[in-house]
Amino acid sequence: MLAARNITKRFGTTLALDRADFDAHPGEIHALVGENGAGKTTLMNVIAGRIRPEGGEASLDGVALPVGSALGALKAGIAVVNQSPMLFERMSWEENLAFGGFETGRFDLATVAANARRLAARLGFALPYPGTTIDERSMAERVRLEILRALSFEPRVLILDEPTSVLAPSELGAFLHLLRRLRAEGRIIVLITHKLSEALSVADRVTVLREGRVVERTRPAETSEAELARAMIGELPEPQTRAHLAGGDEVALTIENLSLQRDGHRILDRVTLSLRAGEIAGLAGVDGNGQSELVEILARALKADSGEIRMIAAGGDAALAVIPENRDLVGLILDMTLWENLMLSRPLRERATRRAWLDREHAIELCAGLLRRFGIRAPGPEISAAALSGGNRQRLEVARAIASDPRVIVAHNICRGLDLAGTAEVHRTLSEFAAAGGSVLLISSDLDELLEMCGRLFVISAGRIRETAVSERNAETLGMLMAGSWT
Amino acid sequence: MIVSSLARALGAVVLAAAIVALVLLALGASPIGAFVALAEGAFGNWYALTDTVVKATPLVFTGLAISVSFSGALWNIGADGQLVAGAIAAGAIGPWLGGWPRPAAIAILLAAGAAGGALWGGICGWLRARRDTNEVISTIMMNFVAAQLLSWSVHGPLIEASRAYPASTPIAESAHMYMFFSPSRLNLGIVLAIALAVGCYLFLFKTAAGFELRAMGRNRRAATFFGIPTARLTILILTVSGAMAGIGGAVQVSAITHRLYEKMSPGWGFEAIAVALVARLNPIGIIFSSLLFGALDNGSQAVQRGQGVSAELVQVIQALVIIILLAFDTPMFDRLRNSLSAAARPVSRTTTTELSDA
Amino acid sequence: MLEAFLSSSIGMATPVLLAAIGELLVEESGIINIGIEGAMLSGAFFALAVAYFSGSTALGLGAGMAAGAAINALLAVLVINLAVNQVVAGTALDIFAVGITGVFYRKFFGITGKAFIVPLIPKLRLGPLADIPLIGPALFHHNFLVYVTIALVPATGFLLWRTRYGLSLRAAGERPEAADALGLDVYRLRWQALLASGVLAGLGGAYLTLAYAGTFVENISAGRGYVALAVVILGRWKPWGLAAASVLFGAAMALQFGLQALGTTIPYQLFLALPYALTLAVLAIVGGQAASPSALGEPYRRP
């Protein structure tokens, strides 16, 4: 049995964990749920020896686990599969697995591969061709490789941190099935997730963390998604205002036959879609099917090989605001100040520029106004963006997009990493924007979000786009479409 | 802010000096004697003082070249070659400017210098933008090519009439820079340098283009995403910074040497890195840090004469100053830094960040 | 004549290749070392100084290697432990090496024009192999350092791609956070790479003074360290590629003597500039750095 008692952890002045208790039995899948920042990952990092707690101890089968030693925890039988697979992109899968426990003697990739194939077969999935590198593999395969690597150490405990956040809906079933097989082998499986439906469907027990404290322990049979959500955020979640704004007749944006090739691969294949004024349309797809490139083309950072983008509004490019997926690395420049980050948006910059001079005062005032209007918690426009929390950074990005007065907003995975309240807020802002006549293209892999927010839904797979029929707009069919059943 | 910058700069120099003192002791020379000689050589009398300014002038030009490129995360290590290229252009056209009125002749000379340096920098800019060629390597290679070009010029096509020395034909008198306070070597060049520094400051911090450059320096990927024309900026900035270094070379020819010699730069392009870092890449600050390093250069001659310690000692000081400043700006010295300045910036992994206040 | 040219090419290629191999190790671990020129120069000087004053070539070689390692150790503290900007730190060390070697040179050898000469490391004839026409003298009649360098090429390939250590090293350069999460000590791996490369660069420098020139002149390394950086890119981060690129550079350097012997009227400066211009031209043609380790040049701080 895995047991953790009284775990307390501070990061600076923040109390990440407050005397948290946790236990899990062999042959059990135990879901650990909570908001982003509730402390789930921190708790597991403590157990896995990656972080030293200020207080409390953890043990496995009565034997105390080494504190602050990842290697020690590994030897004691605890393996972790990270939130985004910690693999080496340019190395082959065999080399990646060589970091596992598949062979400990003389360095021999062939032995690693052979042992890995055996284990994979036992678990019911196949491995790639010899020598292929990770960057050519899909996300699902990467997750499986990472699990395989963790399992090669023959762990008693397998901790999986949000593994399904990168999986396509169609791959979910196979993954959960894999978990059940591992459970049948008598291992302890801890599943960290914020997706309540998954937790309820596969777990034997559920523990809820909120702000570093354990607030509920229960079984799926004795609870529901709504109740778990309430435990997670401490109150009933606001009912979502349905935002299926279908829009008027006026077409705001037309994308026609956009194609892009790179290194012989077709990234985008005659992509065609149109957006109407006042509508929120969705583009559903598993990451890596061309969305990022499409976003870059719309942002004018990348040129398509062929095709056209037409905007009705006068003002051309200025009428389209893009919120990119990678907030901290692309959307914002963390060491610049808030007002400087605002100035990254070309329309805003042009407004603040008079004959090549950048009007600093104007920009700072603009920023201050936006901070107020969007409720961004910050001491002022001149602090660095790195000082903002994740949620506030997102608010800043949304604020920047809206402040540039666009006709169309394109948002890519905009709610990733946000908690329920933050997500609701962003959605509300976008709904208001659409209600006022703007158009929104929501590009996401999150079906819940898309189904909730969007009227028309498109699907993208392998660079091709297709509009879905009303009858197809449910999780199961969409999942299949996202997996490319039509290409 | 100014006080803390000053404290930081002086602190680094003092620490470097302390380390050098130890080296001197190890060599059997007297640190006190050396530093006294240094101070005397740099400030001891009127001529020394003016010569400090004279020696600072090329550092302002190359320092600005470094500051502008580094602000865009363009690692221009070729300011030396760009300065030499500018000098060659100036030295080549100089002798032919006899018939021109003086302001025009000087202007043409400086323009030639700018063109030479611009070419030298621009090639590397183009290679980086279009061929993804590492600009550190390309600018360094161009340094060597420039040196050989200079050598060939003064031995060959540009050699002076009597063919007795490896030096070029002297430039026309009309192209001589305006001098002040003769017989000192103080000249208009320093005024031009200061004007250029102000211009760079305005560009970097007051214009939209300067903002785009700084954004590019902090995060090229984000900059590209927001439509900042990073490729075009790369070429433009390396060309412009090359031009500035080239003007520096032309000023040397016009004001000091009046002709070309085998060696025109004692490493100003590298020293400029220390100059720029001490000033945190701020063009106005570069004016002052150039004076500091000019003083060191000037004084080191006296140290060599008096103490028998090689003038290269000053390069050791330059290197130590860079190293100390680099180390000082890391989290390890956060507390020390916080106590010296009001606002502490969180440190990140983008490369230009720790180097500047931009 | 042609034999002399080929032989010279190999000889000139050797110090560059030594430095390049070291740089390959360092770059695979994720660091770009602009200071390699400084390590070479220091190695050159201290090898000569120690060899001269002690009378022992072996001690000289040792001192050269130690000097190179020392310079790189200083860089390691800066770019690994303090995670500062690698380009600027490397450049600082180059300036430092020029200064330090200059100061010590004046101090020990005075400002007189007297040349301080040491006997060159002798060449070895590899028996019957050296009698093969044309390539015999080119490949099999060199001092032992050349053979050591040639042997290092496949050895480095083996280390990097066929051993667990090499895998760990490459992991550190590919994605240091992942390597860290896997329990690898990224700092230690990078330190080892920098120290090893310092030894190699120092040895390359020592070659210049002890096997090539027999004496020290200011800036004897003449940018070979920087060329080594280009060689790594040109060789696509593969040992045999590095060897080929080094030989190309060596040939460009050897060309200068060959053509001078021919008595052409082409100015000698062209030949002096040729290796650098050629390096630049080939870099431009061959293009980018897509084959470089993913995390190259990014400072990494342990969380």
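Okay, let's start with a helix pair: H11(B) and H13(B) cross in a left-handed way. Left-handed here says that the near helix is turned anticlockwise from the far one by less than a right angle; clockwise would be right-handed. Before I go on, a word on what's on screen: this is a predicted model, where local features need pLDDT of at least 70, side-chain atom pairs count only at pLDDT 80 or more, and totals for chains, interfaces and linings use all residues. Residues are numbered from 1 along each chain as its sequence is written, while chains are lettered from A and ligands numbered from 1 in the order in which they are written.

Back to our pair. Helix H11 of chain B covers residues 268–278 and helix H13 of chain B covers 313–328; they pack at an angle of about 35 degrees, and their axes are 9 Å apart. Helices (H or I, at least four residues) and strands (E, at least two) are DSSP runs, numbered from the N terminus. The axes are lines fitted to C-alpha atoms, for helices over the stretch in contact, and the angles run from 0 to 180 degrees between N-to-C directions.

Who meets whom? On the H11(B) side you'll find Glu271(B), Ile273(B), Ala274(B), Leu277(B) and Val278(B), and they meet Gln318(B), Val321(B), Ile322(B) and Leu325(B) in H13(B). "In contact" means that the C-beta atoms of two residues, placed from the backbone, lie within 7 Å. Sorted by class, this contact has seven nonpolar residues, one polar and one charged. For the classes, Ala, Val, Leu, Ile, Met, Phe, Trp, Tyr, Cys and Pro count as nonpolar, Asp, Glu, Lys and Arg as charged, and the others, Gly among them, as polar.

Staying in chain B, take a look at Ile287(B), which sits in helix H12 (residues 283–307) of chain B. Is Ile287(B) buried or exposed? Buried, because it has 23 C-beta neighbours inside 10 Å. The rule is that 20 or more other C-beta atoms within 10 Å make a residue buried, 12 or fewer make it exposed, and anything in between is partly exposed, with C-beta atoms placed from the backbone. If you leave aside neighbours within four places in sequence, Ile287(B) is in contact with Val60(B), Ile194(B) and Ala197(B). And Ile190(B) is 97 residues away from Ile287(B) in sequence, yet the two are 9.4 Å apart in space, C-alpha to C-alpha.

Now, how do the chains meet? Chain C puts 41 residues into its contact with chain B, and chain B puts in 40. On the chain C side, the elements giving two or more residues are helix H4 (86–109), helix H10 (224–234) and helix H12 (268–286). H4(C) gives the largest share, 15 residues. That side has 28 nonpolar, ten polar and three charged residues.

With chain A, twelve residues of chain C are in contact with 13 residues of chain A. Here the chain C elements giving two or more residues are helix H7 (164–174) and helix H8 (176–181), and the largest share, four residues, is from H7(C). By class, we get five nonpolar, three polar and four charged residues on this side of chain C.

On to chain A itself. Its domain assignment, which is automatic or from a database, gives domain 1 (2–233), domain 2 (240–313 + 407–487) and domain 3 (330–404). The C-alpha centres of domains 2 and 3 of chain A are 25 Å apart. Seven residues of domain 2 touch six of domain 3 in chain A, and helix H15 (residues 420–435) of chain A gives four residues, the largest share of the domain 2 side.

Chain A also has an open sheet of six strands with mixed pairing, in the order S15-S18-S19-S13-S20-S21. Two strands pair if DSSP finds at least two bridges between them. Strands S15 (320–323) and S21 (464–467) of chain A are at the edges with a single partner strand each, so one side of each has no neighbour in the sheet. From one strand to the next, the twist averages 20 degrees.

Most residues other than glycine have a negative phi. Asp405(A) isn't a glycine, but its phi is positive, about 60 degrees. Asp405(A) is partly exposed, with 15 other C-beta atoms within 10 Å, whereas Trp237(C) is buried, with 20.
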